[in-house]
Amino acid sequence: MILSYPIYPYASLKKIVCYACFLFWVGHLYAQKDLSFYISTAKHNSPLIQDNQNQAAANQLEAQRLKAFYTKPQIGVTANYLFAPVISTTNGKTTFEPNSNGADKYWGYDLGATNGGQYQAFLNITQPLFNGGRYKAVNEQLTVNSQVNQNNIKLTEHDIEKVITDQYILCLQDGKQIAYANEAAQLLNVQKELLNKLVQNNIYKQSDLSLLNIEAQNIRLLQSTLQANYHRDLLDLNILSGIDDTSIVELRDVKLILGASSENSLFLEKYHLDSLSLKSAQKVFELRYKPQLNVFANGGLDAVYAPTIPNRFGLSAGLSFAFNFFDGNQRNISRSRTEVLLRTASAYKQNFLRQNNVRKANILAELQSYTERVSIAEQQLKEYDNLLNLYKKEILSGQVSTINYITTLRGRISTQRDYSLLAGQKDILINAYNYWNW
């Protein structure tokens with residue numbers, strides 16, 4: 001693209017600079033990412049969520065298979081061929097008979113066992129009867145399994161929200177410290193320019209300016225360290241979110257608030273489903289004690305002598321019945337076992353309720369402490385800003401030493417760091433409370 005410039009070079013230069021700044025601002029804006037982006041990406045990339053989704057889909061397919069197994073007819077083909085030749089010595093004559101029709105004296109397998117051979121080909125149909133209760137029991141178990149998978153997805157998503165938010169807060173904390181260091185560097189640069197003029201006018205010594213230069217180098221070192229920390233924590237955030245990206249982006253600020261107190265914790269659903277799973281498994285176990293009735297039919301060939309094969313086509317039908325009425329009292333033992341496991345699930349539930357109430361109360365108390373400390377740090381920062389503004393005026397008249405100014409500036413940087421850490425920890429506590437108050 002060829003740019004043509006107007007006659008007024010300074011005006012055009014100003015427009016070009018403004019346009020370049022606008023492009024940089026737009027690019028910078030689109031480089032920003034927020035918390036919801038990382039949470040949604042982490043959920044989308046989570047293999048644990050995908051695993052539970054696949055397990056739930058597999059349970060639905062298994063339910064369809066078992067419905068066919070318990071209620072639909074089974075149709076198949078079976079075929080057998082037995083070749084059992086003998087060497088006959090009947091009537092003193094030795095002959096080889098590949099399919100004997102009843103030799104009296106012979107060498108070979110007993111004709112009573114082999115019939116001299118066998119030719120079978122059947123079309124078999126078996127239809128289970130009265131199996132609706134069986135299918136209902138196994139389908140209930142698969143339904144509970146699917147509910148467990150869906151609840152695991154919710155728990156995993158909830159865990160992801162907490163972990164990603166914690167790491168996001170850590171990145172924001174790094175970013176704020178970088179901003180504070182940059183602000184201190186700008187403040188020091190302005191002071192250096194001012195002090196340089198005062199040195200030239202013999203109001204301050206060259207050593208005073210050297211002290212400011214040394215402090216400026218310390219701040220540049222601090223900036224480099226903070227940038228490295230931010231990059232490291234940002235890459236950790238990408239790793240947790242499953243993002244294949246090593247570029248540095250700016251994160252949008254987030255304001256966390258305490259959620260309203262929850263009466264019924266969604267964490268308890270896990271224990272409820274554990275109980276349902278145990279009960280449904282017991283129902284499936286007891287299916288073996290229900291009577292089983294099947295009707296069957298077949299048709300085809302059943303012959304033992306090859307020349308009579310054309311006359312041996314037929315059909316048959318019947319009923320099969322099975323009922324297990326004693327197996328060493330296994331059913332009662334299994335029921336007792338299930339009751340014990342149900343008591344265990346109930347004990348875990350009660351223990352979680354007790355712990356969670358104490359846990360949330362502890363977080364709220366700690367949060368109150370951090371709120372007060374953040375407020376104190378904010379007040380200290382205001383005092384430091386007022387003091388630095390006073391030093392600016394006094395430096396102009398040579399009334400304050402450079403050491404005092406540097407000491408105050410260092411105190412402000414330290415307080416800003418503490419403030420950032422306190423504010424970040426406060427947000428982490430809010431995130432922890434909202435996690436357990438789910």
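**Labels and their cut-offs**

Modeller: Thr 338 lies in helix H8 (residues 330-396). Helices (H or I, at least four residues) and strands (E, at least two) are DSSP runs, numbered from the N terminus. The model is predicted: local features need pLDDT of at least 70, side-chain atom pairs count only at pLDDT 80 or more, and totals for chains, interfaces and linings use all residues. Residues are numbered from 1 along each chain as its sequence is written, and side-chain values use heavy atoms, with hydrogens and water left out.

Biologist: Why is Thr 338 called buried?

Modeller: Buried means under 20% relative accessible area, exposed over 50%, partly exposed in between (1.4 Å probe, protein chains only). Thr 338 has 8%, so it is buried.

Biologist: Which residues is Thr 338 in contact with, leaving aside its neighbours within four places in sequence?

Modeller: Leu 278 and Gln 282. Contact means heavy atoms within 4.5 Å.

Biologist: What makes the link between the side chains of Thr 338 and Gln 282 a polar contact?

Modeller: A polar contact is a pair of N or O atoms within 3.5 Å; within protein, one must be able to donate a hydrogen and the other to accept it, and residues adjacent in sequence count only if both atoms are side-chain atoms. Here the value is 2.8 Å, and the pair is a polar contact.

Biologist: What makes a space a cavity and not a pocket?

Modeller: On a 1 Å grid over the protein atoms alone, a cavity is a set of points where a 1.4 Å probe fits but cannot get out; a pocket is an open set with protein on both sides within 12 Å along at least five of seven lines. Lining residues have an atom within 4 Å of a point. Grid points are joined across faces, edges and corners, and a volume is the space filled by probe spheres set on the points. There is 1 cavity of 30 Å³ or more. The largest cavity holds about 60 Å³. The largest pocket has about 280 Å³.

Biologist: Which helix gives the most to the lining of the largest pocket?

Modeller: H9, with 6 residues.
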